[in-house]
Amino acid sequence: MQLVYLFIASIFSCSVTNYIIYDFAESLFERSYDNKNLYNIFYIGITSLAIFSNVSSNITLNYIVTIIMVIVITKFLYYSNDKSVVILTIAFLSFLLAIESGVAVFIPFVFEHILTLDIVVNYRYLLQMILSLIIIVPTYYIIKTFISSKTIVSNYCQSLGYVLLSSLSFLAIMDIILLAKNEKDFYLQIFTMIIIVGIAILDLVLIYFYQKISENSALELELELITQQAKLEFKHYNKIKEKYEQSKKLSHDIKGHLHAIEALYKKDEISRGDNYAKKLLYVVEKFDSPYTSNNSILEIIINERITMCDMYNINFEYNIRYDDLSFINDMDLVSLLSNLLNNAVEATEKIQNGYVNLVIDRFNDFLVINVTNPYINIKKDIKGKFKTTKEEHHGVGLVNIRNIIKLYSGEISINTENNVFEVKIIIPIKTTVS
């Protein structure tokens with residue numbers, strides 16, 4: 001009978017532990033494959049192997065299997081380097097070992113010196129597994145919350161929720177054990193264990209949904225921030241667009257202004273004619289555009305970056321071979337190109353003889369955007385993604401770029417060879433967004 005309880009405990013424990021390993025890898029690395037079934041098959045296979053090693057009650061075998069699981073999951077199912085795999089394996093094993101060791105000491109002490117329960121003799125391993133999971137799962141989510149979230153107040157509130165949920169479950173289980181302290185009836189003991197397992201499952205389910213609700217709240221907050229930034233950028237470009245419309249109107253009326261100046265000179269009103277000409281020249285220079293295009297948004301973005309690069313003594317070269325970008329929403333186009341070029345200027349502004357090269361072209365039915373610039377130090381986040389060097393941006397620009405490319409079913413590739421940062425984006429031109 002004890003083997004049955006051990007098997008049940010192993011299924012329960014290994015399923016949750018492997019889920020944590022998967023979730024941890026998911027939060028750190030990008031998936032290597034798009035096939036979700038492949039990950040499900042690996043999960044079932046690895047969990048089955050872990051259950052077999054647990055039932056054998058061989059501690060050494062258990063930790064060897066855990067090491068294999070972490071390495072297989074992170075190395076073959078996710079994009080990760082060898083150093084990341086080693087660090088992850090050590091961190092995760094240390095985490096499990098610390099909690100399981102603590103519970104392994106706590107359970108015998110409480111049950112032998114305080115409660116002296118007969119029920120524990122038969123079901124000690126099952127109880128140890130349950131209490132370990134009640135501690136492991138919320139502790140893991142608390143650590144994950146502090147790693148991934150930037151809001152300290154939110155971290156503490158979320159962590160407090162995990163602690164409360166687990167504490168209530170822990171106390172409920174201890175109360176049930178106390179009530180069954182002197183119970184000798186076999187079936188009542190079985191019923192007691194079923195209730196304890198049920199409480200543990202309920203606790204883990206509540207923690208899971210609490211985590212998902214917290215993640216959704218964080219995503220909504222991030223989306224709101226991205227939307228606000230996109231609206232501000234679009235509003236800014238709308239104002240600049242109005243100025244460009246004024247410049248086009250001025251160009252249309254230029255003949256009238258020239259006739260007026262000519263008339264003043266014919267009347268020998270040379271001083272008035274000179275003043276008129278100077279004012280006209282000032283206005284024309286103010287609205288002069290080095291780059292012109294049928295796409296007004298593209299024209300504004302390019303000319304703004306020309307001015308920006310001149311301020312930082314950056315050589316900005318642009319080669320726009322295709323400018324029919326009407327299939328991209330104006331707000332998306334502003335956000336995509338502005339963030340791409342802003343990131344390039346940001347990385348180049350402190351480099352002598354810096355440059356930013358932009359190429360926009362069409363290849364068959366695809367729009368190709370290529371941006372290159374030199375760099376000195378590029379920071380990466382824990383997933384290996386590049387992030388901004390300006391703290392106030394919080395990497396929102398990079399998130400915008402990836403979201404827009406995904407929205408239009410495009411692809412992005414980044415190359416960082418020879419201290420040159422190159423971003424290449426490919427978007428199907430026929431793609432439409434509702």
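Reply: Ile297, Leu298, Ile301, Arg305, Met308 and Cys309 in α10 meet a set of residues in α11, namely Asp330, Leu333, Val334, Leu337, Ser338, Leu341, Asn342 and Val345, where contact means heavy atoms within 4.5 Å. By class, this contact of α10 with α11 comprises 10 nonpolar, two polar and two charged residues, with Ala, Val, Leu, Ile, Met, Phe, Trp, Tyr, Cys and Pro counted as nonpolar, Asp, Glu, Lys and Arg as charged, and the others, Gly among them, as polar.

The model is predicted, so local features need pLDDT of at least 70 and side-chain atom pairs count only at pLDDT 80 or more, while totals for chains, interfaces and linings use all residues. Residues are numbered from 1 along each chain as its sequence is written, and side-chain values use heavy atoms, with hydrogens and water left out.

As for the geometry, helix α10 spans residues 296-311 and helix α11 residues 330-348, and their axes come within 10 Å and cross at roughly 20°; helices here are DSSP runs of H or I with at least four residues, numbered from the N terminus. The axes are lines fitted to C-alpha atoms over the stretch in contact, and angles run from 0 to 180 degrees between N-to-C directions. The two helices, α10 and α11, are therefore roughly parallel to each other, a term that covers angles under 35 degrees. In passing α11, α10 makes a right-handed crossing, in which the near helix is turned clockwise from the far one by less than a right angle. Elsewhere in the model, isoleucine 199 lies in helix α7 (residues 186-252), and at 18% relative accessibility isoleucine 199 counts as buried, meaning under 20% relative accessible area with a 1.4 Å probe and protein chains only.

Methods. Parallel < 35°, antiparallel > 145°, perpendicular 65-115°, else oblique. Buried < 20%, exposed > 50% of the residue type's maximum accessible area, 1.4 Å probe, protein only.
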